[in-house]
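User: I would like to go through the terms used for this model and see what each one rests on. Please set each value against its definition.

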Amino acid sequence: MGARFGRDAAIAAVPLRQRPVANAASRPAKVEAPQADRSGYNREPFLFSAYLPVRLSELLPGNTAVVREVEDVGSADPIARRLRDLGFVAGEPVRLVTRGPVGADPLLVQIGFTRFALRRSEAARVWLQSDGAGA
Amino acid sequence: MSTEALRIALVGNPNCGKTALFNLLTGSRQKVANYAGVTVERKQGRYTAPSGRVVDLLDLPGAYSLDAASPDEAITRDVCLGIAAGETRPDLLVCVADATNLRLHLRFVLEVRRLGLPVVLALNMMDAVSRRGIRIDIAALERELGIPVIETVAVKRAGAKALVERLDLAVPLPAVTSDGGADLHAEVRRLLSAAVSMPTRTAATDDAIDRVALHPVGGLLLLAGLMFLIFQSVFSWAEPLMEGIEGGIKLLGEWSVATLPDGPLRSLLNDGVFAGIGSVLVFLPQILILFLFILALEESGYLPRAAFLLDRLMFKAGLSGRSFIPLLSSFACAIPGIMATRSIQDPRDRLTTIMVAPLMTCSARLPVYTLLIGAFIPQRTVAGIFNLQGIVLFALYVAGIASALGVAFVMKRLRRDRSEHALMLELPSYRWPHPRDLAIGLWERGWIFVKRVGGIILALTIVLWFLSSYPAAPEGAIGPAIDYSFAGRIGRWLEVVFAPIGFNWQICIALIPGLAAREVAVSALGTVYALSGTDETVAAALGPLIAVQWPLATALSLLVWFIFAPQCLSTLAVIRRETNSWRNVWIAAGYLFGLAYVASFITFQVARALSG
C-alpha cells in the first residue's frame with residue numbers, strides 16, 4: 001500500500017515541481033502594501049502575497065485573479081494546449097467559484113462566461129497574477 | 001437552384017444547443033449511424049426548404065477546437081476539411097453558438113471561418129439573452145465577422161424560421177477568410193467589445209442552483225436522493241403499464257391457441273414466441289422511464305454537476321468524472337453506455353470505463369431481478385415508507401457500483417502507464433429539458449431496445465424452443481419431455497459446473513440463450529418450465545412456481561450472479577468494436593465470469609448454511 005501513497009503524491013507533485021525562471025525574474029523586487037480591495041482579490045487572507053505569481057490551484061474560493069500564462073508540463077503538453085483553447089490566456093480574469101466535496105478537488109473555475117471543472121493538477125498549470133499587477 | 005440536395009453540417013461547441021436545433025429542423029426524420037471506420041455517432045436528418053429544395057443536415061459532434069483532442073473532435077475536423085472517409089464535404093456550415101457564452105464560442109466560430117466554406121453563424125438561445133439583459137448588436141457582429149449572423153431559439157417552434165429562410169438564399173464565402181493566423185483570443189475580445197454588452201458574467205439562477213447542487217454536503221445528498229428517486233420510480237411507476245402490456249400479450253396468446261390446431265405451429269407460437277417475447281417486452285416501460293430520467297438530467301445540465309461532485313472519488317478508483325455519464329447510461333444498457341464512452345477523451349479512462357460498464361445494473365437484468373425479488377422477497381414496508389423489495393433492488397444496484405469501483409481500482413494498480421489525464425469539464429447553464437428533445441431521445445433508445453428484442457431475442461427464443469422440443473420424448477416416456485431434448489442434455493451437463501453455486505438444470509438451460517441478452521434468461525426459464533410442466537398456463541405464473549421449487553439460497557445466488565452476469569454477447573461484441581481488440585473482450589468476459597462464480601458460490605454456501 002505504501003506504493004499507492006507514493007504514486008499519488010508524485011502525481012500531485014508533477015505540476016508543482018518548480019516555478020519557471022521567467023516568473024522569478026519578472027517578479028517585482030519591492031512591493032507596496034495594497035491600498036484597497038483589488039476587485040475581491042484581497043477579500044480573504046492569503047497563503048501568498050498579492051504580488052507573487054500564484055497558481056490557479058492555490059486560489060481560494062470566491063477570489064478573482066488574472067491569467068498570466070499557462071505552463072507546459074513536458075513538451076507539447078496537450079492539457080496546457082486545451083486550456084489555452086478554452087480561454088486561459090494572458091489577461092483573462094478567472095474566478096474560483098467552488099471546490100469539489102472530496103479533497104477540495106476538482107476546482108470549479110469561471111473564465112469568461114463559462115464554468116469549467118478542472119482537477120488540481122490541471123489548474124496548477126495556470127499561473128495567475130493579481131488584477132492590477134501589470135498585464 | 002439545382003435540384004440536388006444541399007448538404008449542410010451543424011458545427012459548434014459542446015452545450016451550444018446544436019442538437020436541439022437539429023431536432024427542431026429535422027423533427028423525427030433522423031438517421032442515426034456511425035462514421036465509417038470509427039465509433040462516433042453520426043446523426044443525419046432532412047428537411048425541405050421553403051423554395052422546395054431538399055436539405056441534408058448533418059449534426060457534427062460538438063468540439064471546442066478543430067485542433068482535435070478526442071475522436072469526436074477529429075471527426076468534426078475531418079468532415080469540415082472534407083478528408084473524412086466516406087463523407088462528402090458539406091456545401092455549407094452552420095456554426096451554432098450559445099449567445100450567452102460568446103467569449104468561448106466565438107473562438108471556435110473564427111476557427112470555422114478559416115475553413116474556406118460558406119458559413120452562417122446561428123446565435124442560439126436568444127431567449128436567455130434577453131432574459132439576462134445581454135445586448136448583442138447583430139449588424140455589428142455580422143460586419144466584423146464577415147458572415148451572416150442569424151438569431152435562433154432552438155426550444156421554440158418558430159425559433160429557426162429565420163435560419164431556414166437565410167439558408168434558402170445563396171450564402172457567400174466569408175468576407176474575411178484569412179486573418180493571417182492572428183491571435184484568436186484577441187480577435188474574440190475585439191468582437192465582443194464591438195458588438196456585445198454583458199451586464200453579468202453568469203446567470204443568477206445558475207449561481208443559486210449551483211450553491212445547492214455543488215454544495216459539499218447538500219450536493220451529494222441531492223445526488224443520492226435523485227438516484228434513489230429514479231430507482232423507486234422505475235420499480236413503482238412502471239407497474240400499471242407493465243400490466244397493460246402483459247394483458248395484451250396474454251390475449252394474443254389465447255387467440256393463437258383458440259384458432260390454431262394443436263401441433264408444432266401452435267406450440268411454437270405459444271411456448272416459443274409469446275412466452276419468450278412477451279415476458280421481455282413487458283419491461284419496455286421500465287427502460288423508457290429510466291431513459292427519461294437520464295435524458296432529462298442530461299438536457300438540464302445536471303449530469304456534468306454530478307460528474308464534478310464525483311470526479312475525485314472516481315479518479316481515486318481509476319476513473320474520471322466523465323465516466324459518470326456513460327456508466328449511468330449503462331444502467332439502461334451497457335451497449336449505449338459503452339458507446340457513450342466515446343465522449344471520454346482519454347483512451348485509458350475510456351478503456352477502464354468500458355471494462356466496468358457491464359457491472360452497472362443494466363435494464364436487461366431488471367426482468368431477472370423483478371422475477372426473483374417478486375418471488376422470494378416478501379412485500380413488506382420498512383421504516384414506514386420504503387418497500388423491502390425496492391430496498392433489495394437498490395442494494396443490488398449498489399453492489400454493482402461497488403464492484404465496478406473495485407475493478408477499476410485494480411485496473412489502475414495493474415497498468416503501467418501512469419501519466420496524467422485531464423478532466424476539463426464544462427458546466428453549462430441550467431435549462432429546462434424540451435419535450436421534443438426528450439421524445440426524440442426516448443424514441444431512439446426505445447427503438448434500439450425493441451429492435452434487439454425483435455431481432456436477436458426472437459431468433460434465440462425460437463432456437464431455444466427448438467432445442468427444448470427436439471428430439472421429442474420417446475413413446476411411453478415417464479419424465480417431462482424436455483428431459484429428452486437437446487436443451488435438457490446441455491443443461492444437465494452444465495449443472496455439474498454450476499451445482500456448487502446452487503443452480504439447477506433449468507437455470508443452466510436458461511443461461512445459454514441468456515448469452516445473447518440477459519433478459520432472455522427470464523423468457524427462457526418461462527419456456528423451460530412451460531414445456532416441462534403439464535399445464536400451459538405455467539408460463540404466466542413463473543414467479544409463484546419458482547418460489548415453490550427453488551430454495552432461497554438458489555434465488556439469492558442467481559441474483560448475485562446477475563450483478564456480474566458475464567453472459568451478454570452483445571456487450572462483448574460492442575467491447576470488441578469500441579476497443580478494436582479481442583484481448584479486451586477475453587479479459588472482460590473472463591473477469592466477469594470469475595467474479596460472478598466466486599460471488600455466487602459464497603452467497604449460495606453462506607445462505608444455505610444460515611437457512612439450515
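**Terms and values**

Analyst: In contact with each other are 29 residues of chain A and 30 residues of chain B; two residues are in contact if their C-beta atoms, placed from the backbone, lie within 7 Å. This is a predicted model, in which local features need pLDDT of at least 70 and side-chain atom pairs count only at pLDDT 80 or more, while totals for chains, interfaces and linings use all residues. Residues are numbered from 1 along each chain as its sequence is written, chains are lettered from A and ligands numbered from 1 in the order in which they are written.

User: What makes β5(A) and β12(B) a pair?

Analyst: Two strands pair if DSSP finds at least two bridges between them. β5(A) and strand β12 (residues 425-426) of chain B have two bridges, in the antiparallel sense, and therefore meet the definition. Ala117(A) stands opposite Leu425(B) in β12(B).

User: In what order do the strands of the open sheet run, and which are the edge strands?

Analyst: The order of the seven strands is β1(A)-β6(A)-β2(A)-β3(A)-β4(A)-β5(A)-β12(B), with antiparallel pairing. The edge strands are β1 (54-55) of chain A and β12 of chain B, since each pairs on one side only. Helix α13 (residues 302-316) of chain B lies across β3, β4 and β5 of chain A together with β12 of chain B, at about 65 degrees to β3(A).

User: How many bridges join β4(A) to β3(A), and how many to β5(A)?

Analyst: β3(A) and β4(A) pair over six bridges, with Arg95(A) opposite Gln110(A). β4(A) and β5(A) pair over five bridges, with Leu108(A) opposite Ala117(A). Both pairings are antiparallel. The hairpin of β3(A) and β4(A) has two residues between the strands, and Gly103(A) in the turn has a positive phi of about 65 degrees. The hairpin of β4(A) and β5(A) also has two residues between its strands; there Gly112(A) takes a positive phi near 60 degrees.

User: Why is β4(A) called largely enclosed by the rest of the structure?

Analyst: A residue is buried if 20 or more other C-beta atoms lie within 10 Å of its own, exposed if 12 or fewer, and partly exposed in between. Six of the seven residues of β4(A) are buried, so the strand is largely enclosed. β4(A) also holds Pro106(A), which a cis peptide bond joins to Asp105(A), with omega about 0 degrees.

User: Are Ala76(A) and Met424(B) buried or exposed?

Analyst: Ala76(A) has 7 other C-beta atoms within 10 Å and is therefore exposed. Met424(B) has 21 and is therefore buried. Ala76(A) lies in the loop between β2 (64-70) and α3 of chain A, and its phi is near 50 degrees, a positive value in a residue other than glycine. Met424(B), in the loop between α18 (388-414) and β12 of chain B, has a positive phi of about 40 degrees although it is not a glycine.

User: Why are α3(B) and α7(B) called oblique to each other?

Analyst: The axes of helix α3 (residues 102-113) and helix α7 (residues 184-195) of chain B come within 9 Å and cross at roughly 120 degrees. Axes are lines fitted to C-alpha atoms, for helices over the stretch in contact, and angles run from 0 to 180 degrees between N-to-C directions. Angles under 35 degrees count as roughly parallel, over 145 as roughly antiparallel, 65 to 115 as roughly perpendicular and the rest as oblique. The pair is therefore oblique. By class, their contact has seven nonpolar, one polar and four charged residues.

Conventions. Helix = DSSP H or I, 4+ residues; strand = E, 2+ residues; numbered from the N terminus. Nonpolar A, V, L, I, M, F, W, Y, C, P; charged D, E, K, R; others polar.
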